[in-house]
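Subject: Structure handover and notes

Hello,

The structure you asked about is below, and my notes on it follow. Please read them with the model open.

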Amino acid sequence: MSEYEGFEPTLSLEDYPSDGAPTSETHRVGPLFKPSHPVALAPVTSPPHSVDGFVREFLHELNFEQGVSLSRSTINDQYLALSKTVRHYMMARWLETTRKIREGKLKLVGYLSAEYLLGRQLGNALQSIDLVEISSRALQGCGLDLNYIRNQEVEPGLGNGGLGRLAACYLDSLATMSVPCIGYGIRYEYGIFRQTFVDGRQVEQADTWLGLGQPWEFAHPEAAVQVDFGGYTEKYYDELGKERTRWIPAWNVMGVPYNYMVPGYQNGRVNTLRLWSAQATKAFDLAQFNQGDYIEAVRSQTFAENISKVLYPEDSTPQGKELRLQQQYFFSACSLRDFLEEVLEPDADLHTLPDRVIFQLNDTHPVIAVPELMRILMDERGWDFDEAWEVTQKCFAYTCHTLLPEALEVWPADMLSRLLPRHFEIICQINDHFLAEVRKRFPNDDAKVRNMAIVTDYPDRSVRMAYLATVAGTKVNGVAELHSQLLRDKVLPDFSQMWPEKFINVTNGITPRRFMRLANTRLSALITDAIGVGWVTDLERLQELEPYAEDAEFREQFRKIKLANKHRLYRQLKSRDGIDISGENMLDVMVKRLHEYKRQSLKLLHIVTVYEQILTGKVKLEDVTPRTFIFGAKAAPGYRMAKETIYVINQVAKTINANKDLEGRLQVAFPANYNVMLAERVIPAADLSEQISLAGKEASGTGNMKFALNGALTIGTEDGANVEIRQRVGDENFFLFGMLEPEVEELQKKGYQPHDYYESNPQLKATIDLLASGHFSNGDKNAFAPLVNNLLWEDRFLALADYQAYIDAQARVDDYYAEQDEWTRSAILNVARCGYFSSDRAMHEYIDKIWHVAPLH
C-alpha cells in the first residue's frame with residue numbers, strides 16, 4: 001500500500017520504451033557580483049543522503065517549484081521535480097570543484113566542440129552520485145516508479161554522430177578522473193533534426209527538445225557576451241605613437257551561457273559544460289511595433305537567434321555556408337571571452353596563459369578561435385604580432401577527425417573577410433609569417449610553399465582551416481593508429497615533414513559508465529560478480545574475464561543476458577516504432593551516420609543477395625541462418641545519395657518483411673531517429689557489428705568499440721579503429737574482409753570501373769538486376785535508378801570491388817554462429833580484450849602527450 005493515496009504502482013522499465021518521452025512536435029553585459037571585502041558565506045551542503053531526505057526534497061520541488069501537489073502532478077511535473085532534486089545533490093560538489101579550480105589557479109582543459117551528443121542526463125546523474133537505490137525507494141514510497149519517470153526525459157539532440165558522442169565521453173572521463181575541464185559549445189534550440197519516414201523517404205522535423213522544460217541547465221543572462229560581425233578595420237596610432245588596427249563591426253549579437261553539470265563517477269567531482277545561446281542585442285523595437293510593423297519589430301531577434309537555431313544548417317547555399325561560419329565564430333568568441341574574464345583572475349598575466357589553459361580544437365569547427373585570441377592580445381591588450389603568436393601557439397591543440405578532403409573546412413576568402421574582416425587580416429599575417437618559415441626550411445621550393453599556404457589562391461582564394469589549426473597547434477592528433485598514419489602521410493604530409501614531433505596518435509575511446517554500466521545493467525552485474533566493481537573506472541581490468549570464456553556456466557549466463565537484451569529491444573521497437581520482431585535470430589546491426597564511405601549500400605547488397613538466393617532456389621530456406629538486420633542512420637538534409645540509400649533500404653525492408661515465407665528467417669528493421677537512447681538498447685542486444693567502411697576512409701569509429709565491449713563480434717574492413725580491435729581480440733574473433741588501404745589506392749590509380757565487377761560476377765549481377773527490376777518498388781523500374789546507376793558507374797567507395805569478399809565473410813559468420821558455444825566464447829573474449837578502448841585511457845594519453853594538466857586533489 002502506498003504511503004500516498006491516489007497512486008497505483010507503475011510498471012518497470014522492461015514495460016516501457018526508453019524513447020517513450022512526450023514531445024511537442026564580445027564583451028560582458030554586466031559585471032558579476034564581486035564583493036569589495038570578505039564575505040562570510042555558509043557552506044553549500046548536499047541534502048541528506050537518505051530515503052526520507054530524498055522524499056522531502058522531491059516533494060518540495062513538486063510543490064514549490066512545479067506548483068502542484070503529488071496527487072495532481074503530471075508525469076512531466078514528476079520528471080522535472082525528480083531531475084531538480086537529483087541536481088541538488090550535485091550542487092555542492094559542483095560549486096566546490098569550481099572553487100578549487102579558481103583558488104588553485106590550476107591549468108584546465110577548454111574543450112571546444114560544435115557538438116555534444118549527451119544522451120539522457122537523469123540516469124547518468126543518479127549512478128554518478130550513487131543515488132539509484134535511494135531515489136527508487138523514495139519514489140516507491142510516493143507510489144511512483146523511477147524507471148517510468150526516467151523514460152519521460154527528452155534527449156538533447158546537440159550532436160550528429162561520433163564527433164559529438166566522443167566529446168560527451170571525454171567530458172565524462174575528465175570529471176571521473178578529477179581533471180579540471182570546461183566544455184564549450186552551442187545550445188542549439190532545435191539541434192539535429194528529428195527523423196521520420198514518409199513512404200520510405202527521410203523527412204526532417206524540428207527536434208523540440210526544449211519544449212517541455214530542461215531541468216539540467218542553468219541560464220546566466222547577466223553573464224552574456226557581445227559578439228561582433230561584419231564592418232571594416234582602420235589604422236590608428238596609440239598613445240605611444242605606435243600604429244594599431246581596430247575593428248569597427250557592423251552588427252553584433254549576445255551570447256548567453258547555459259551551464260550543465262558534468263558529474264564524475266562517484267568521486268565527488270563535477271565539471272562544467274557551458275553552451276551558448278544567441279540573442280539579439282536589441283530584441284524588440286517598440287517604435288516599429290507601435291507603428292504596426294510587427295515583423296520588423298522583432299527582425300533583429302529572429303536574425304540573431306538563427307545563429308544557435310539548428311546544428312549544421314544545410315550549407316549548399318551561400319547563406320547556409322555563412323550561417324555555419326557565424327556559428328563557429330560565435331561560440332569560439334564567447335568561450336575565449338568567458339575563460340579570460342570569468343575563469344582567470346582579473347590581474348592574471350596573459351603571458352602565462354599556456355600555464356592556465358589548453359584549448360582542444362575538436363575538429364576544424366572552432367579553429368577560428370586562433371585568430372580571435374590573436375585579435376584580443378593584439379588589439380585589446382596592445383601586444384605586437386610576435387608576442388601574441390608565441391603565446392597563442394602554446395594554447396591550442398588540434399584533433400583531426402577525418403580523412404575526407406571535403407570534410408576539411410575551407411572558407412571562401414571573400415566570405416570570411418566580409419564577415420570577420422579583422423580575423424582575415426590576422427590569418428593573412430599568420431600565413432605570411434608561416435610561409436617565411438617554410439621558405440627558410442625548404443629554400444627554392446615554390447611548390448611546397450603553395451601546397452602549405454593557409455591562404456590559397458587555387459582554385460579560388462580561400463582559407464584552409466585544417467592548415468591554420470596545424471600551424472597554430474602544439475600538437476595535431478589523429479584518432480586511430482591507421483588514421484594518424486594516413487594523416488601524416490596523405491592528408492598533411494608537408495606539415496609532418498616540417499614538424500614530425502607535432503603529429504601524434506590518440507585512439508578514441510568510449511565511457512563504460514554509459515555504454516556498459518548504464519546501458520547493459522545485466523552484463524555489468526555479471527562482470528562485477530566475476531571480477532569485482534573496480535572495472536567501471538579501470539576498464540583494462542576486463543582482462544580478468546578471459547578465463548571465464550572457458551567456463552560453461554558463465555557462457556550460459558552470458559547467452560541468457562544477450563537474449564534478455566534482445567527482448568528488451570524488441571519491446572521498445574514495438575512501442576516506439578510499431579516494429580514487430582520476435583524470435584532468437586542473429587541480430588545483425590549497422591547503426592551510424594549515413595554516408596557513402598560507410599557503405600550502407602554494401603550491407604544492402606548482402607541482404608538482397610540472401611533474398612535473391614532464396615527467391616531463385618539457389619539456397620534452401622531452411623539452410624539460411626535466421627537473421628534480423630537493424631539499420632539506424634540519419635542522412636544530412638542536402639545529401640541526396642544518402643537519402644536515396646535510406647529510401648531503397650526501407651523499400652527492400654518492406655518487401656522482405658511482407659513475405660510470409662520468410663517469417664522467422666529474414667527481417668529488416670530501420671527505426672527512425674536513431675539516437676543515444678536507442679543506441680543504449682540496440683548495442684547490448686547485437687550479435688554482429690557491421691563496420692564495413694572502405695579502408696582508409698573511417699578516421700576511427702567508436703560504435704565499433706561499444707559493440708565489442710557489449711559482446712558483439714565484428715565484421716569489418718582494415719579501417720579506423722577496426723585495426724586495433726582486431727589486433728586485441730584476435731583474428732579468430734573478428735571477421736576481416738576487403739582490400740587494404742594501399743590496394744584501394746592502387747585500384748583507384750588504375751582507374752576503377754565498377755561496371756566490370758557487375759558483369760564478371762553472376763551473383764552480384766543478379767542482385768543488382770533484382771534491385772533495378774521494380775521487384776521492391778511495385779514494378780517501378782526507375783525508383784532505385786539513382787542508387788543503381790551510382791553503384792554501376794561511379795561507386796566512389798568501391799562497394800562492388802569489395803562485394804565478393806564481404807559475401808564470403810558473411811558465409812563464415814553463418815558457419816560460426818551455428819556453433820553457439822564457440823560464438824559465445826568469442827563474444828566474451830571481445831569484452832575481455834577491449835578494455836583499452838575506454839575514454840579514460842584516451843584522456844590519460846591526451847594529458848601525458850598534449851595537455852600536461854594535473855587532477856584536483
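Y89 lies in helix α2. The model is a predicted one, and in it Y89 has 0% relative accessibility, so this residue counts as buried. Leaving out residues up to four places away in sequence, Y89 touches S46, P47, P48, H49, S50, G53, F54, E57, I129 and L131.

S73 sits in the loop between α1 (51-65) and α2 (75-104). The relative accessibility of S73 is 12%, and since the cut-off for buried is under 20%, S73 counts as buried. The side chain of S73 makes a polar contact of 3.1 Å with the side chain of Q78.

The next residue is a buried arginine. R514 belongs to helix α19 (residues 512-518) and counts as buried because its relative accessibility is 3%.

Now two helix pairs. Two packed helices are described by the angle between their axes and the distance between the axes.

Pair α20 and α21:
- Helix α20 (residues 521-531) packs with helix α21 (residues 552-577) at an angle of about 160°, and the axes are 9 Å apart.
- Angles over 145 degrees count as roughly antiparallel, and α20 is therefore roughly antiparallel to α21.
- The crossing of α20 and α21 is right-handed.
- On the α20 side the contact is made by R522, L523, L526 and A530, and on the α21 side by F554, Q557, F558, I561, A564, N565 and R568.
- Sorted by class, the contact of α20 with α21 has seven nonpolar, two polar and two charged residues.

Pair α23 and α30:
- The axes of α23 and α30 cross at roughly 115° and come within 9 Å.
- The two helices, α23 and α30, are therefore roughly perpendicular to each other.
- The crossing of α23 and α30 is left-handed.
- R640, M641, E644, T645 and V648 of α23 make the contact with P786, L787 and N790 of α30.
- Sorted by class, the contact of α23 with α30 has four nonpolar, two polar and two charged residues.

Both α23 (640-658) and α30 (785-793) also pack against the buried residues of α29, as do α22 (600-615), α28 (754-760) and α31 (799-817). Which residues of α29 (residues 762-772) are buried? They are Q763, L764, A766, T767, I768, L770 and L771. An α-helix has 3.6 residues a turn, so residues three or four places apart point the same way. At the start of α29, a side-chain oxygen of N761 comes to within 3.1 Å of the backbone nitrogen of Q763. Just after α29, G774 has a positive phi of about 95°.

R599 has a phi of about 65° and is located in the loop between β18 (586-591) and α22. R599 counts as buried because its relative accessibility is 1%. L798 has a phi of about 55° and lies in the loop between α30 and α31. L798 likewise counts as buried, because its relative accessibility is 1%.

Last, a cis peptide bond. Which residues does it join? The bond lies between Y458 and P459, with an omega of about -10°. P459 is in the loop between β14 (455-456) and β15 (462-464).

Regards

Conventions: Residues numbered from 1 in each chain as written. Predicted model: local features only at pLDDT ≥ 70, side-chain atom pairs only at ≥ 80, totals over all residues. Heavy atoms only, no water. Buried < 20%, exposed > 50% of the residue type's maximum accessible area, 1.4 Å probe, protein only. Helix = DSSP H or I, 4+ residues; strand = E, 2+ residues; numbered from the N terminus. Contact = heavy atoms within 4.5 Å. Polar contact = N/O pair within 3.5 Å; in protein donor to acceptor, adjacent residues only side chain to side chain. Axes fitted to C-alpha atoms, helices over the stretch in contact; angles between N-to-C directions. Parallel < 35°, antiparallel > 145°, perpendicular 65-115°, else oblique. Left-handed = near helix turned anticlockwise from the far one by under 90°. Nonpolar A, V, L, I, M, F, W, Y, C, P; charged D, E, K, R; others polar.
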